[in-house]
Amino acid sequence: MSYGILIVSHVEQIAQGVPKLLQQVAPDIAITFAGGTDDHEIGTSLDKITTALEDNSASEILAFYDLGSAKMNLEMAGEFSTKPVHLYDTALIEGAYVAASLLQAGVDLPEIEKQLELLQIKGDG
(Lines give C-alpha, C1' and ligand atoms only; values in the text may rest on other atoms or scores of the structure.)
Protein backbone atom coordinates (compact mmCIF):
# COMPACT_ATOMS: atom_id res chain seq x y z
CA MET A 1 0.00 0.00 0.00
CA SER A 2 1.39 3.38 -0.98
CA TYR A 3 -0.11 6.78 -0.24
CA GLY A 4 -0.03 9.80 -2.50
CA ILE A 5 -1.41 13.31 -2.39
CA LEU A 6 -3.77 15.08 -4.79
CA ILE A 7 -4.14 18.88 -4.74
CA VAL A 8 -7.20 20.53 -6.31
CA SER A 9 -7.59 24.28 -6.64
CA HIS A 10 -9.79 26.64 -8.61
CA VAL A 11 -6.63 28.40 -9.77
CA GLU A 12 -4.22 26.50 -11.99
CA GLN A 13 -1.15 28.28 -10.60
CA ILE A 14 -2.10 27.48 -6.99
CA ALA A 15 -2.60 23.82 -7.88
CA GLN A 16 0.84 23.79 -9.54
CA GLY A 17 2.55 25.66 -6.72
CA VAL A 18 1.43 23.63 -3.71
CA PRO A 19 3.16 20.43 -4.90
CA LYS A 20 6.41 22.40 -5.32
CA LEU A 21 6.21 23.31 -1.64
CA LEU A 22 5.29 19.78 -0.57
CA GLN A 23 8.14 18.20 -2.51
CA GLN A 24 10.56 20.10 -0.28
CA VAL A 25 9.46 18.02 2.73
CA ALA A 26 8.24 14.90 0.92
CA PRO A 27 10.43 14.12 -2.07
CA ASP A 28 9.45 10.43 -2.05
CA ILE A 29 5.67 10.96 -2.01
CA ALA A 30 3.65 10.89 -5.24
CA ILE A 31 1.92 14.27 -5.61
CA THR A 32 -0.37 15.25 -8.46
CA PHE A 33 -2.62 18.26 -8.97
CA ALA A 34 -5.59 19.61 -10.88
CA GLY A 35 -6.29 23.30 -11.20
CA GLY A 36 -8.70 25.48 -13.08
CA THR A 37 -11.20 24.56 -15.74
CA ASP A 38 -10.50 22.77 -19.01
CA ASP A 39 -10.18 26.15 -20.74
CA HIS A 40 -7.77 27.51 -18.08
CA GLU A 41 -10.33 29.68 -16.31
CA ILE A 42 -11.08 29.90 -12.58
CA GLY A 43 -12.99 26.81 -11.47
CA THR A 44 -12.54 23.07 -11.41
CA SER A 45 -12.72 20.26 -13.92
CA LEU A 46 -13.88 16.73 -13.22
CA ASP A 47 -11.75 15.54 -16.15
CA LYS A 48 -8.60 17.20 -14.79
CA ILE A 49 -9.23 15.82 -11.31
CA THR A 50 -9.87 12.31 -12.64
CA THR A 51 -6.68 12.44 -14.72
CA ALA A 52 -4.60 13.70 -11.78
CA LEU A 53 -6.06 10.98 -9.58
CA GLU A 54 -5.26 8.23 -12.05
CA ASP A 55 -1.82 9.68 -12.89
CA ASN A 56 -0.81 9.51 -9.24
CA SER A 57 1.39 6.42 -8.87
CA ALA A 58 0.18 5.71 -5.33
CA SER A 59 -2.46 3.08 -4.63
CA GLU A 60 -4.37 5.26 -2.14
CA ILE A 61 -4.85 9.03 -2.27
CA LEU A 62 -5.08 11.79 0.34
CA ALA A 63 -6.91 14.66 -1.38
CA PHE A 64 -6.92 18.35 -0.45
CA TYR A 65 -8.96 21.13 -2.06
CA ASP A 66 -9.61 24.86 -1.78
CA LEU A 67 -13.36 25.49 -2.21
CA GLY A 68 -16.74 23.75 -2.36
CA SER A 69 -17.06 22.82 -6.03
CA ALA A 70 -13.57 21.30 -5.90
CA LYS A 71 -14.83 19.05 -3.10
CA MET A 72 -17.88 18.08 -5.12
CA ASN A 73 -15.76 17.18 -8.15
CA LEU A 74 -13.27 15.30 -5.96
CA GLU A 75 -16.11 13.25 -4.50
CA MET A 76 -17.37 12.40 -7.99
CA ALA A 77 -13.89 11.50 -9.25
CA GLY A 78 -13.40 9.30 -6.19
CA GLU A 79 -16.58 7.40 -7.01
CA PHE A 80 -15.17 6.52 -10.45
CA SER A 81 -11.68 5.64 -9.24
CA THR A 82 -10.40 2.20 -8.37
CA LYS A 83 -8.17 3.86 -5.75
CA PRO A 84 -9.43 4.74 -2.29
CA VAL A 85 -9.59 8.54 -1.97
CA HIS A 86 -9.52 10.22 1.44
CA LEU A 87 -10.84 13.80 1.31
CA TYR A 88 -9.83 16.29 4.00
CA ASP A 89 -11.63 19.49 4.99
CA THR A 90 -8.50 21.29 6.10
CA ALA A 91 -6.87 24.48 4.94
CA LEU A 92 -5.39 23.45 1.58
CA ILE A 93 -1.72 24.26 2.13
CA GLU A 94 -1.47 23.51 5.82
CA GLY A 95 -3.32 20.20 5.62
CA ALA A 96 -1.44 19.00 2.58
CA TYR A 97 1.90 20.04 4.12
CA VAL A 98 1.22 18.14 7.34
CA ALA A 99 0.09 15.04 5.43
CA ALA A 100 3.08 15.12 3.08
CA SER A 101 5.63 15.53 5.83
CA LEU A 102 4.06 12.76 7.93
CA LEU A 103 3.84 10.40 4.95
CA GLN A 104 7.50 11.07 4.21
CA ALA A 105 8.32 10.22 7.84
CA GLY A 106 6.47 6.89 7.57
CA VAL A 107 3.62 7.79 9.90
CA ASP A 108 0.55 5.56 9.47
CA LEU A 109 -2.75 6.86 8.09
CA PRO A 110 -4.74 6.79 11.37
CA GLU A 111 -2.14 9.03 13.03
CA ILE A 112 -2.03 11.36 10.01
CA GLU A 113 -5.81 11.67 10.12
CA LYS A 114 -5.67 12.42 13.84
CA GLN A 115 -3.29 15.30 13.11
CA LEU A 116 -5.45 16.54 10.22
CA GLU A 117 -8.54 16.67 12.46
CA LEU A 118 -6.82 19.47 14.37
CA LEU A 119 -6.58 21.45 11.12
CA GLN A 120 -10.18 21.00 9.98
CA ILE A 121 -11.73 24.34 9.07
CA LYS A 122 -14.36 23.49 6.47
CA GLY A 123 -17.83 22.18 7.15
CA ASP A 124 -19.88 19.68 5.20
CA GLY A 125 -21.38 22.34 2.99
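**Notebook: the chain and its strand E3**

I began with the surface. The protein chain exposes about 6300 Å², and carbon and sulfur atoms supply 54% of that area. I note that this is a predicted model.

Next I looked up burial. Of the 125 residues in the protein chain, 46% are buried.

Then I listed the elements. I found five helices and four strands in the protein chain. Along the sequence they follow the pattern β-α-β-α-β-α-β-α-α. The radius of gyration is 13 Å, close to the 14 Å from the globule rule for 125 residues, so the chain is as compact as a globular protein of that length. I also checked the extent of the C-alpha trace: about 40 × 30 × 25 Å along the principal axes.

I turned to contacts. I took those between residues at least 6 apart in sequence; 74% of them join residues at least 24 apart.

Now strand E3, residues 60–65. Is E3 mostly covered or mostly open? It is mostly covered, with six of its six residues buried. In a regular strand, side chains alternate between the two faces of the sheet. I checked E3 for its two directions. Glu60, Leu62 and Phe64 point one way, while Ile61, Ala63 and Tyr65 point the other way.

Which strands pair with E3? I found strand E1, residues 3–9, running parallel to E3 and joined to it by six bridges. Within this pairing, tyrosine 3 has glutamate 60 as its bridge partner. Strand E4, residues 85–88, also pairs with E3 in the parallel sense, over four bridges. Here isoleucine 61 is partnered by valine 85.

Last, I followed the chain from E3 to E4. E3, helix H3 (residues 68–80) and E4 form a right-handed β-α-β unit.

How values were computed. Residues are numbered from 1 along each chain as its sequence is written. This is a predicted model: local features need pLDDT of at least 70, side-chain atom pairs count only at pLDDT 80 or more; totals for chains, interfaces and linings use all residues. Side-chain values use heavy atoms; hydrogens and water are left out. Buried means under 20% relative accessible area, exposed over 50%, partly exposed in between (1.4 Å probe, protein chains only). Two strands pair if DSSP finds at least two bridges between them. A crossover is right-handed if, with the strands pointing away from the viewer, the path from the first strand over the helix to the second runs clockwise. The radius of gyration is taken over C-alpha atoms; the globule rule is 2.2 Å times the number of residues to the power 0.38. Contact means heavy atoms within 4.5 Å. Accessible areas come from the Shrake-Rupley method with a 1.4 Å probe; for residues, only the protein chains shown count as cover.
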